[in-house]
Amino acid sequence: MRTMATEERATYCRICEPLCGLVATVEDGRLARLRPDGEHPLSRGFACPKGIAMADVQNDPDRVLRPLRRHGTDFEPVSWDEALDDIGRRLRRILRDHGGPSVGWYFGNPGAFSYSHALWLQGFMTAIGSPNLFTAGSQDINSRFVASRLLYGSLTRVPIPDLARTEFLLVVGANPLVSHGSAVSAPRIRDQLRAIVRRGGRVVVVDPRRSETARAFEHLPVRPDGDAWLLLSLLHVIFEEGREDAATLQSQARGVEALRAMAAAHPPEKTEDRTGVPADTVRTLARDLAAASSAAVYGRTGSCLGRHGTLVNFLLDALNVVTGNLDRPGGAVFGSSPLGLERLADRFGLASYGRRRSRVGGFPDVLGSFPAALMAKEITTPGRGRLRAMFVSAGNPVMSVPDGGELTAALSRLDLFVAIDLYVNDTSRLADYVLPATTFLEREDVPVASLGLFTTPFVQFTEAVVAPYGEARQEWQIIDAIVRRAGRLPFVPGRRLGRLPLPAPERLLDLALRLGPRGDLFGLRHGLSLRALRRRPHGVILAEHVRTGVLRTVVRHRDRRVRLDPPEILAEAARLGERADDPAYPLRLIGLRELRSQNSWMHNSATLMRGGRTHTARVHPADAAEHGVEDGRPCRITSPYGAIELPAELTAEVTRGTVAVPHGWGHHGGGWRTANRAGGANVNLLTSSDPDQLETLAGMAHLNGVPIRIEPAAG
Ligand SMILES: Nc1nc2c(c(=O)[nH]1)N[C@H]1C(S)=C(S)[C@@H](COP(=O)(O)OP(=O)(O)OC[C@H]3O[C@@H](n4cnc5c(=O)[nH]c(N)nc54)[C@H](O)[C@@H]3O)O[C@H]1N2
Ligand SMILES: Nc1nc2c(c(=O)[nH]1)N[C@H]1C(S)=C(S)[C@@H](COP(=O)(O)OP(=O)(O)OC[C@H]3O[C@@H](n4cnc5c(=O)[nH]c(N)nc54)[C@H](O)[C@@H]3O)O[C@H]1N2
Ligand code: SF4
Ligand SMILES: [Mo]
């Protein structure tokens, strides 16, 4: 009888941003199960249901494990060589006939958790000479990056709340008890928030929905998209009552007079209509915030996806500066990557903003990418630079980008469409080829994108815990092979590097670690190297707290001061409220994240779908009564751009006038059978890809606060 080889291997989860430690049990080369890692120094035995259920994805019989080629309306398996040869040949022809810009790439959210995927993708774009990169960022966080660019002169410096030391956390549009924290990496974030209250501090949650986080702490309901007015009114009160930290402002910032003037126009009594927040409440909150011994103002998708996302993010940080809470213990602080990435990005011109303009709509690039909402029109609008070929890796833009219907039609018209994914999803089902990617459990990694966002500075390297199943390959290998088949070489991205071919990712990582701010400088001092990280499989805490007093090294403006009067922001503030409300659409649609979903991609897990989960629209009982909508009955939601039908779930957790619907449901036609059976509707049939509807400064999709009406569904 054969004995089974069973092994336990420490790794970390790469589904969402806390990156919790996991232990994988591997039996004969297959993943048997995942459990939380009790020895992980930050997550200390915590993992959420999604992390554990990654085992379902790993072992999913619906996973794509061989290259698939379109065959009529279906797919047939082909060998890697057949797939790559054909893709290379077609790509070469398209490049010859139409040039680099006719080739586009959409890079989805899970790609951001891989240390090698984004780098090779940049190498690909550089090699073929195309500016047409699109990412999930324009549906997620680009407004935050642009705000940082305007404030600090650097797109990639995003302040994080100093959770361990703050006495007052003001959360504007985030639900960390469900999302587990975003644009911040803080394992066990629930415990961290509770600890604030336990030591006598406060957590106040500004949200149109009484979210899980709002319920656990203090809730301040706001009208969807009312945040700009609310934040301006908070600043108004602080300035009017002389509660600003004048000394800190003097030393840290410039342009405060313009900010003061902007806020002066928005007393809380005047903004009540926009925010739904009583003026007295705003005044009290402003005083409490200014009086707190330390405070951090923090926002996430609820503050990024409205009509004025960049302005709102700017104002969040402005509040931190004005109350003297930027770059100090317990305030909003700047982490730094042990890879020295911030400096590298600046030096090599990788963190660009507005260096190029999109062909359609003339939007500035953000970190070298254009608004994904424009993809469909870039494919269908005639003229030079029209997209003829698209690659989609780790994404499902038909479900995640505005106007999924328009995108479905456009993607079907391409000369070449290649998807790199774990599944055939609603997007990749339209492709000529679906190429099988490894899961994160099948690749080595380091959390490059999160290293500067840990509230406790931390780094972890993991090996792959299982070898790739079937014929799955890592994205960098796939991209490398495609570039070479197209007759080019993948170059190190960046403007000032000349043409350096990319070495293997582990080699690059080791270099960056060793030459980075905590590196061993190849033995010149005690410090980090890949070898050192390999010896610490549960990860390494690098410091107890994020360093403060670093602002002058963070800010890239010549005078090293935070800029509170960027002309882009003043212009945006002047545009506030320009759009008249159409009485035909009296309600506002917002998003919602669920504990057992991850955007569109974990609905095929039996464990997560247990209990007959369904997709619903949460409607306030009074709004339902007014529009004749009944609990549990199908209701029709109509926006100026489309309509969907979903069962209504009546609940007073949403404020009056607000309807909340999760995104990422309504799968059909893909290869994930459980997901297809789950039903629901694609909420992004209600959102708009019209360039006029995108946020001006960052080209962000408008996904929260979308005007809608509801009525009972016919029949
Ligand atoms: N379980 C789970 N976790 C996830 C994900 C998931 O799908 N499921 N997705 C991951 C991803 S990709 C991301 S980007 C993060 C996002 O992380 P978060 O932003 O923390 O997640 P959300 O739950 O979307 O929280 C946004 C909150 O903003 C509120 N909101 C909506 N509109 C407005 C508004 O106009 N103003 C204000 N003030 N609030 C508003 C919503 O009601 C919601 O409670 O979560 C990550 N984590
Ligand atoms: N209306 C509305 N729309 C939204 C949002 C919202 O709040 N409201 N949120 C937005 C946000 S914040 C985000 S991040 C986007 C997400 O949007 P996307 O990134 O476009 O889509 P996901 O649903 O995350 O799908 C990810 C795909 O990657 C695949 N995948 C998973 N792991 C890997 C891997 O390691 N390699 C490869 N190659 N593939 C992998 C999955 O199978 C899945 O098909 O949605 C956005 N869309
Ligand atoms: S919270 Fe996020 S990182 Fe942690 S186990 Fe869950 S999905 Fe993974
Ligand atoms: Mo996201």
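Ala 394 is buried because its relative accessibility is 14%, where buried means under 20% relative accessible area, exposed over 50%, and partly exposed in between (1.4 Å probe, protein chains only). This residue belongs to the loop between β17 (389-393) and α17 (397-400); helices (H or I, at least four residues) and strands (E, at least two) are DSSP runs, numbered from the N terminus. The phi of Ala 394 is near 50°, a positive value in a residue other than glycine. Most residues other than glycine have a negative phi.

The model is predicted: local features need pLDDT of at least 70, side-chain atom pairs count only at pLDDT 80 or more, and totals for chains, interfaces and linings use all residues. Residues are numbered from 1 along each chain as its sequence is written, chains are lettered from A and ligands numbered from 1 in the order in which they are written, and side-chain values use heavy atoms, with hydrogens and water left out.

The C-alpha atom of Ala 394 is separated by 4.7 Å from that of Gly 108, although the two residues are 286 residues apart along the chain. Gly 108 is located in the loop between β6 (103-107) and α3 (117-128) and is buried, because its relative accessible area is 2%. Apart from neighbours within four places in sequence, Gly 108 is in contact (heavy atoms within 4.5 Å) with Ala 136, Ser 393, Ala 394 and Gly 395.

Arg 44 also has a positive phi, of about 35°, although it is not a glycine. Its position is in the loop between β3 (30-36) and α1 (49-58). With a relative accessible area of 49%, Arg 44 is partly exposed.

## A parallel sheet and its helix

An open sheet of 4 strands has the order β11-β10-β9-β13, with parallel pairing; two strands pair if DSSP finds at least two bridges between them. At the edges are β11 (218-220) and β13 (296-299), each of which pairs on one side only. From one strand to the next, the twist averages 20°.

Within this sheet, β9 (residues 168-172) and β10 (residues 202-206) are joined in the parallel sense over 5 bridges, and Phe 168 stands opposite Arg 202 in β10. Helix α12 (residues 279-291) lies across β9, β10, β11 and β13, at about 135° to β9. Axes are lines fitted to C-alpha atoms, for helices over the stretch in contact, and angles run from 0 to 180 degrees between N-to-C directions.

## Strand β19 and its partners

Strand β19 (residues 433-436) is covered on both faces: Tyr 433 and Leu 435 on one side, and Val 434 and Pro 436 on the other, are all buried. Strand β4 (residues 68-71) pairs with β19 in the antiparallel sense over 2 bridges, with Arg 69 opposite Tyr 433. Strand β18 (residues 416-421) runs parallel to β19 and is joined to it by 4 bridges; Tyr 433 is the bridge partner of Val 418.

## Surroundings of the ligands

Which residues come nearest to ligand 1? Of the 31 residues around it, these are Asp 207, Asp 225, Asp 227, Thr 301 and Ser 597, a residue being near if one of its heavy atoms lies within 4 Å. A polar backbone atom of Asp 225 is 2.7 Å from an oxygen atom of ligand 1, and a polar backbone atom of Ser 597 is 2.7 Å from a nitrogen atom of ligand 1. A backbone N or O atom of Val 178 lies 3.3 Å from a nitrogen atom of ligand 1.

Around ligand 2 there are 30 residues, of which Tyr 106, Asn 109, Asp 421, Glu 475 and Ser 600 come nearest. An N or O atom in the side chain of Asp 421 is 2.6 Å from an oxygen atom of ligand 2, and a polar side-chain atom of Asn 425 lies 2.8 Å from an oxygen atom of ligand 2. For Glu 475, an N or O atom of the side chain is 2.6 Å from a nitrogen atom of ligand 2.

## Cysteines

A search of the whole structure finds 0 disulfides, a disulfide being a pair of cysteine sulfur atoms within 2.5 Å. Cys 13 is buried at 8% relative accessibility, and Cys 635 is buried with a relative accessible area of 1%.

Methods:
Polar contact = N/O pair within 3.5 Å; in protein donor to acceptor, adjacent residues only side chain to side chain.
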